Amino acid sequence: MNDFMKKFSLEGKKAIVTGGARGLNYGIAQGLHAAGAEIVLMDIQELVYESAEKLREDGAPVYGVVGDVSKSEALDQAYAKALELLGGRLDILINGAGIQYRCQAEDFPEERFRQILDVNLVGVFLMAQRAGRTMLAQGHGKIINIASLSCFFGASMIAGYTASKGGVGQLTKVLSTEWAGRGVNVNAIAPGYMVTELTANIKEVNPEQYNNICTRIPKGRWGTAEDLQGVAVFLASDASDYITGTINLVDGGYAVK
Ligand SMILES: NC(=O)c1ccc[n+]([C@@H]2O[C@H](COP(=O)([O-])OP(=O)(O)OC[C@H]3O[C@@H](n4cnc5c(N)ncnc54)[C@H](O)[C@@H]3O)[C@@H](O)[C@H]2O)c1
């Protein structure tokens, strides 16, 4: 590998991926791992151990840690465990744990709304804070928050989710402003309509909605976890050292149509 290409490599880098047991975050972890990173997948589900096992098949080590990003005390323990597994250094955080609930705004249960903010926004902050402290002490690090297209749109039926992801966008900017001068870059990835285990059945359940959305997407299809890997590896690598505070849409062109 020549010196220029080395800037894109994650060989020797250490990463935590929250919400990494499955779906888009697991897909991003696959990308980081293929680029050479050692990884801790952290998730509220015990499935995380199996996912770590699967990812570790060849290449750098991968570990699983169970942790709830929305509970600060439990998160302290999970974060300490993750850092210990990585030998005390953290170069990359993919801050991806997230939940959703669909309901008309006028009927949206308060408890659900609070729970979504707790995981998607407070959880992202708590995790960024812990990783940020480690990275600021090191003098370097890359934090990549997983936002959403709904950061920019007011899509109906997901008031809690949309409010939380709007917050993730703003949080990305303020953390970037505070930490960029001390070596820590904070960016976000905003996926558009993506096919995952959770949305895989939409084609059968609601073919009209699925097709309408396809028509609305200039690329003509929904995205996949693989579509997020390139931008995640780039933002995690030394090649993006002057990029901070950005929200990177991966939406097949939806937002500009
Ligand atoms: N699927 C999409 O179309 C889409 C679009 C835009 C953004 N996103 C975002 O991408 C991320 C991944 O979404 P996905 O579709 O793969 O969903 P997913 O449900 O498959 O993955 C989310 C993961 O987060 C974990 N998690 C939930 N609560 C947690 C908590 N409190 N602590 C730790 N882990 C927790 C879950 O166990 C799960 O493994 C989320 O932040 C989501 O909002 C998804």
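Reader: Which side chain has an N or O atom 3.0 Å from an oxygen atom of the ligand?
Author: This is a predicted model, in which local features need pLDDT of at least 70, side-chain atom pairs count only at pLDDT 80 or more, and totals for chains, interfaces and linings use all residues. Residues are numbered from 1 along each chain as its sequence is written, and side-chain values use heavy atoms, without hydrogens and water. A polar contact here is a pair of N or O atoms within 3.5 Å. The side chain that places an N or O atom 3.0 Å from a ligand oxygen is that of Lys165.

Reader: Which backbone lies 2.8 Å from an oxygen atom of the ligand?
Author: A polar backbone atom of Ile44 is 3.3 Å from a nitrogen atom of the ligand. For the ligand oxygen at 2.8 Å, the polar backbone atom belongs to Leu24.

Reader: Which element gives the largest share of the shell around the ligand?
Author: The ligand is surrounded by 26 residues, each with a heavy atom within 4 Å of it. Helices are DSSP runs of H or I with at least four residues. Helix H2 (23–34) and H6 each give two or more residues to the shell. The largest share, 3 residues, comes from H2.

Note on methods: A polar contact is a pair of N or O atoms within 3.5 Å; within protein, one must be able to donate a hydrogen and the other to accept it, and residues adjacent in sequence count only if both atoms are side-chain atoms.
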